[in-house]
Amino acid sequence: MIYLDNAATSGVKPLAVRQAVQRALENYSVNPGRSGYHSAIKASEAIYATRVAVAEFFGAARPEHVIFTAGCTQSVNMVLKGVLQPGDHLLISDMEHNAVARPAFWLRDYAGVSVDLFDAAANDMEAELARKIKPNTKLIFCLHASNVTGLVLPIETIARVAHRYGILFGVDAAQSAGVLPISMKKTGIDYLCVAAHKGLLAPMGTGLLIAEGPIKPSLLQGGTGTLSVELAQPNTLPEGLESGTVNLPGIMGLSAGLRFVKQKGSDTLLLHERALCQRLKNGLQSLPGVRVYGGLLDGAPVLSFTEENCPSEETAAFLAKKGIAVRAGLHCAPLAHRKIGTADTGTVRLSPGCFTTLPQINTVVSVMQARRTTHRSK
């Protein structure tokens, strides 16, 4: 199978990741932070070492503010619902994934938070934000890179404007973490949400929230292993946002994935994946009846396309029969599809990863060339 659905989850995990998960299951099937015996202590040490590595990789100030979650969606919900109060105003972009849009509009409908959209592709982002900011704007939250087109938002500029107005800034890095360079300190990010199973090559069910700004424990309360005599949830991090037993096999897999990305070099991996996207774009956009969205030279390695008079699901089903795994439809991002004009049809999304090869990409282009030739001859 040629796997081109890495924007959903990395389809191939490095051997080191698989070995780390297996090692955790064999040697550390204990509850870390709850007991004083040897294996429990070693498990706690492994978790803390991962916090330190994550904080270093993303330029965060404090490893204790690295929170392990079940995924980026949970992380986003924790931020939006842990920061915003009734009467606050939230700004999000008009390209957001539903992981951001749905909790944002839930807060509008049920919690008294007003929500507005800003233009993710604005030529003058400072002016665009200045027009949309209100006296009660509490948080600007946006994706770093689109999961439909790969468009990269100028998060440094957005952070600068937010802080100029005394506004907190959060980033959905589901498509960019481990792929594009991110430094919370240099950029000025208060909250970073990560899907570790994508660019960091961790197992599914692993996510991260790095919270440098104020946040309250809004979603989960329960056992933490500390201050057990108190009925109130601890306010300190990470315990304030980590109730229950953490996913130790996933965390150890995440640690191994992070090491893999650092050893290979995220810049090297990005160049490889962008080159594959360019080959896809060049091959597809030359075909009659095919329209390509994204595949930007400076974007994340994601692009979409449509075939004239053909539902995206039909194209994806055809490719699946040829052993090519892609995703069709709206990709849980209806705002983005409304923006690019494909809300009625959806698109076929192609997202290579670090293990994708050029011969595989050439095969995809050849298959689509043959398909379009057949369509024209009918």
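Modeller: The radius of gyration is taken over C-alpha atoms, and the globule rule is 2.2 Å times the number of residues to the power 0.38. For 378 residues, the rule puts a compact globule near 21 Å; the protein has 21 Å, which agrees. This is a predicted model, in which local features need pLDDT of at least 70 and side-chain atom pairs pLDDT 80 or more, while totals for chains, interfaces and linings use all residues. Residues are numbered from 1 along each chain as its sequence is written, and side-chain values use heavy atoms, without hydrogens and water.

Biologist: What box do the C-alpha atoms of the protein fill?

Modeller: Roughly 75 × 55 × 35 Å, taken along the principal axes.

Biologist: How many helices and strands are there?

Modeller: Both are DSSP runs numbered from the N terminus: helices are H or I with at least four residues, strands are E with at least two. The protein has 12 helices and 13 strands.

Biologist: How many of the residues are buried?

Modeller: Buried means under 20% relative accessible area, exposed over 50%, and partly exposed in between, using a 1.4 Å probe and protein chains only. In this protein, 56% of the 378 residues are buried.

Biologist: What share of the contacts joins residues at least 24 apart?

Modeller: A contact means heavy atoms within 4.5 Å. Count the contacts between residues at least 6 apart in sequence: 68% of them join residues at least 24 apart.

Biologist: Let's turn to charges. How many salt bridges does a search of the whole structure find?

Modeller: Side chains of opposite charge can pair when their charged atoms come close. The test is a side-chain nitrogen of Lys or Arg within 4 Å of a carboxyl oxygen of Asp or Glu. The search finds 17 salt bridges. In one of them, glutamate 242 meets arginine 51, at 2.9 Å from N to O. Glutamate 242 sits in the loop between β8 (207–211) and α8 (248–264), and arginine 51 in helix α2 (residues 38–57), so the pair ties together parts 191 residues apart in sequence. Glutamate 242 and arginine 51 are both buried.

Biologist: Which residues are linked in a network of salt bridges?

Modeller: Glu307, Glu314, Arg371 and Arg372. Take arginine 371 with glutamate 307: their side chains meet at 2.8 Å, N to O. Arginine 371 belongs to helix α12 (residues 358–377) and glutamate 307 to strand β10 (residues 303–307), so this pair ties together parts 64 residues apart in sequence. Both residues of this pair, arginine 371 and glutamate 307, are buried. Arginine 371 also bridges to glutamate 314, with the closest N and O atoms 4.0 Å apart. Glutamate 314 lies in helix α10 (residues 312–321), 57 residues from arginine 371.

Biologist: Is glutamate 314 buried or partly exposed?

Modeller: Partly exposed, because its relative accessible area is 42%. Arginine 371 has 8%, so it counts as buried.

Biologist: Now a helix. Which residues of helix α6 (residues 155–164) are buried?

Modeller: An α-helix has 3.6 residues a turn, so residues three or four places apart point the same way. In α6 the buried residues are Ile155, Thr157, Ile158, Ala159, Val161 and Ala162. Their cover includes β4 (114–118), α5 (125–132), β5 (137–143), β6 (168–172) and α7 (184–187). After α6 comes glycine 166, with a positive phi near 75°.

Biologist: Last, a loop. Where is alanine 300 found?

Modeller: In the loop between β9 (290–294) and β10. Alanine 300 is buried, with a relative accessible area of 2%. Leaving aside neighbours within four places in sequence, alanine 300 contacts Ala145, Gly150, Val152 and Gln175.
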